[in-house]
Amino acid sequence: MAILTILRAAWGYLFLIFISRIVGRRPGKQLAPFEFVLIFYLGGLTLTGMVGQEFSLTNAVTQIMTVAGVHWLITKVRASSPRIARLIDGTPLTLLEGGQWRSLSMKAMKISPADVMAMARDRDIGTVDGVRSAALERNGEISIIKKQDNKQE
Amino acid sequence: MSSTEQFTEPATDNGPLVDDAVEVGEDLDFQRAWWRFEKIAWIVLSLVLIGDAAGLFGRGWLAKAEVTSPDQTLHVGYERIERAGTPSEMTLRIGSTAVHDGRVRLFVSESLLQQLGAQRIIPQPATSDVGPNGVTYTFPATGSPAIVGIELEPSFPGVHRIELSVPGAQPIEARIAVLP
């Protein structure tokens, strides 16, 4: 039934958003090879259930339109409600501030000081002392703010 | 309206700032609640997988069921939980009392043919008589028990009631849940 294929497509999209949110953010600018595996494998597994035995172009077109519609709706709701945006994206987390590691946050997000320092080196900062603050952003990147040398002046 | 007028709203920090701290926009209360939710979600996902392995969602020992008609003429092995679009097999054993003149007759309700998508009946029946609520098949039988297999591939999610009987004997009724 056509309505079932539309519901399946919408459900598949929302379920994948939920799963990727549960699997969590991992720091880094690029995907590691095993994360590629996760993405392609999840995509392929979702496909079998969403398409079923209906290999028609009509089915593909309507399912793509469904996913596009649900995506548009989520983007719109996310932009209009900070609470929902927080649910979908999470919130940024401070990892290092005032020379102190936020150990609990780091443990919960499975981030080590080495991960933070790797990103600091990327920003030409060689030591912890040179970092004013580090935060795990909602997209999984670690952002580093450099300590200003002329701050005391 | 000049082109600069639309840029008049001053940019302000909307989070509490202490000692010129970097504005990260962190919401630790929410994050702690989310971590708790994640833990629960992982537990639920694990339980779903364990349930799946046990057959709670079909294709496992929890899903398998057997039923015998009160007069012992018919014994049916089936899966009480089916999955849409997934093949499965129902096995029927028909007792010796049902064999007359080297033939066995079997009535199956329409729901088995429609919602549960019976694809094939093994062996091929000699005749099929269409009735208002289902089909009566006739098989040549030399001995007993006569074993008949029905290959199913359900297409309609929901709970479906099926009825199987040897005409003249007591019927078997069962409910089969089809998951999407």
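**View 1. Thr94(A) sits in strand 1 (residues 93–97) of chain A.** Strands here are DSSP E runs of at least two residues and helices are H or I runs of at least four, numbered from the N terminus. This is a predicted model, where local features need pLDDT of at least 70, side-chain atom pairs count only at pLDDT 80 or more, and totals for chains, interfaces and linings use all residues. Side-chain values use heavy atoms, without hydrogens and water; residues are numbered from 1 along each chain as its sequence is written. Thr94(A) is buried, at a relative accessible area of 3% (buried is under 20%, exposed over 50%, partly exposed in between, with a 1.4 Å probe and protein chains only). Leaving out residues up to four places away in sequence, Thr94(A) touches Arg102(A), Ser105(A), Ala134(A) and Ala135(A), plus Val24(B) and Glu26(B); contact means heavy atoms within 4.5 Å.

**View 2. Helix 1 (residues 2–23) of chain A and helix 2 (residues 33–51) of chain A have axes that come within 10 Å and cross at roughly 155°.** That makes the pair roughly antiparallel (over 145 degrees; under 35 is roughly parallel, 65 to 115 roughly perpendicular, the rest oblique). Axes are lines fitted to C-alpha atoms, for helices over the stretch in contact, with angles from 0 to 180 degrees between N-to-C directions.

**View 3. Arg8(A), Ala9(A), Gly12(A), Leu16(A), Ile19(A) and Val23(A) of helix 1 of chain A meet residues of helix 2 of chain A, including Leu38(A), Leu42(A) and Thr46(A).**

Methods
Chains lettered and ligands numbered in written order.
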